[in-house]
Amino acid sequence: MILADCHVHSCFSSDAETPVEQMIETAIAQGRKYFYLTDHHDFDYPVGEDGRDFQLPREDYTVRLEQLKNLYADKIELRIGVEMGLMAHISDKINEYVSGYPFDFIIGSSHLVHGQDPYYAEYYEGKTEKQAYEEYFLSILENAKALDCFHVYGHLDYVIRYGPNKDRFYNPMDYYDVFKELLTVLIDKGKGIEVNTGSLYKGFTYPHPHETVLKLYRQLGGEIVTIGSDAHVPQYLGYGFDAAEALLKRCGFHHYTLFKQGRPQQIAF
Ligand SMILES: [Zn+2]
Ligand SMILES: [Zn+2]
């Protein structure tokens with residue numbers, strides 16, 4: 001049993017409606033030892049017709065979670081996280097935001113590429129799919145070089161969820177040089193990556209990132225890997241964790257990682 005799902009959203013995220021308590025109760029029912037909440041904060045998110053702005057009310061969030069931490073203390077240990085949208089050009093703003101609260105765990109993620117969300121078709125206009133994917137990976141490299149405030153980089157190949165052909169023609173080896181440089185930067189900085197099983201309930205056959213990328217991270221000496229479902233509703237909490245464990249073992253990992261007060265703890269499988 002994986003002790004915690006390290007990537008979970010609640011109604012504190014613009015794209016989720018589930019009360020935090022429902023997520024916590026689900027984790028308790030699953031027998032998890034820890035509960036992580038990692039709601040979204042993406043500065044400068046271009047607000048569309050749906051009105052989603054992805055701005056986390058940090059004060060309300062942390063005050064509420066501190067209350068829930070006490071309330072559930074005898075059933076599960078609550079750890080307070082955030083999924084922070086990383087963008088190199090606003091690194092000062094991002095550093096200031098995360099230093100305003102001692103988060104246990106910070107997932108750095110890329111939801112925007114130079115201000116554009118690859119979720120929308122406009123991102124692919126005037127580019128081949130390969131160019132669009134490469135630009136996404138290169139922007140992660142840029143962010144990883146510019147920022148230090150995160151613990152793991154989330155869903156590294158998230159862009160393949162949204163390309164015109166999704167993962168039909170996706171081969172991580174086509175971006176080998178970018179991945180190698182990116183993973184080397186992350187390892188040199190002591191940063192981890194995550195196995196994100198969210199893709200499994202979105203119609204893909206493997207979690208993010210592709211096995212080739214995970215193997216490369218391991219071969220280059222990477223040891224910090226968290227496991228998260230990216231659940232926005234209770235039924236996806238812990239989704240596909242058996243597959244994630246098997247995948248990590250196949251890639252040569254003997255441990256997965258949990259963070260407490262920003263420090264990694266390695267847990268043997
Ligand atoms: Zn995300
Ligand atoms: Zn997420």
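# Close-up views of a predicted model

**View 1. Ile193 meets its partner in strand 6.** In strand 6, Val225 is the bridge partner of Ile193. The model shown here and in every view is predicted. Strand 5 (residues 192-196) pairs with strand 6 in the parallel sense, over four bridges. Both faces of strand 6 are covered. Val225 and Ile227 are buried on one side. Thr226 and Gly228 are buried on the other. In a regular strand, side chains alternate between the two faces of the sheet.

View 2. Strand 5, helix 6 and strand 6 form a β-α-β unit. The unit is right-handed. Helix 6 covers residues 211-219.

View 3. Strands of a sheet pair through backbone hydrogen bonds, either parallel or antiparallel.

**View 4. Strand 1 runs parallel to strand 2.** Eight bridges join strand 1 to strand 2 (residues 77-85). One residue pair can be picked out: His41 has Met84 in strand 2 as its bridge partner.

**View 5. Tyr36 is a buried residue of strand 1.** Tyr36 has its place in strand 1. Why does Tyr36 count as buried? It has 24 other C-beta atoms within 10 Å, and the cut-off for a buried residue is 20 or more. Leaving aside neighbours within four places in sequence, Tyr36 is in contact with Ala4, Asp5, Cys6, Val8, Arg79, Gly81 and Phe105. Arg250 is 214 residues from Tyr36 along the chain. The C-alpha atoms of Tyr36 and Arg250 are separated by 26 Å.

**View 6. Helix 1 has a buried face.** In helix 1 (residues 20-29), the buried residues are Val20, Met23, Ile24, Thr26 and Ala27. Seen down the helix axis, they fall within an arc of 160°, so they line one face of helix 1. Glu21 and Ala29 are exposed on the other side. Which elements cover the buried residues of helix 1? Strand 1 and helix 2 (58-71) are among them. Gly31 follows helix 1. The phi of Gly31 is positive, near 85°.

**View 7. The length of helix 4 agrees with expectation.** Helix 4 (residues 129-146) has 18 residues. At 1.5 Å a residue, helix 4 should span 26 Å. Its end C-alpha atoms are 26 Å apart, which agrees.

**View 8. Helix 4 packs through its buried residues.** Ala132, Tyr133, Tyr136, Phe137, Ser139, Ile140, Asn143 and Ala144 are buried in helix 4. They cover an arc of only 150° around the axis, which puts them on the same side of helix 4. These buried residues pack against strand 3 (105-109), strand 4 (152-153) and helix 5 (176-188).

**View 9. His254 sits in a loop.** The loop lies between helix 7 (241-250) and strand 7 (255-260). Is His254 buried or exposed? His254 is exposed, because it has 10 other C-beta atoms within 10 Å, and the cut-off for an exposed residue is 12 or fewer. Leaving aside neighbours within four places in sequence, His254 is in contact with Ala268 and Phe269. Ile267 is 13 residues from His254 in sequence. In space, His254 and Ile267 are 8.4 Å apart, C-alpha to C-alpha.

How values were computed: Residues numbered from 1 in each chain as written. Chains lettered and ligands numbered in written order. Predicted model: local features only at pLDDT ≥ 70, side-chain atom pairs only at ≥ 80, totals over all residues. Pairing = 2+ DSSP bridges. Helix = DSSP H or I, 4+ residues; strand = E, 2+ residues; numbered from the N terminus. Arc of directions from axis to C-beta. Contact = placed C-beta atoms within 7 Å. Right-handed = clockwise from strand over helix to strand, strands pointing away. Expected span 1.5 Å × (residues − 1).
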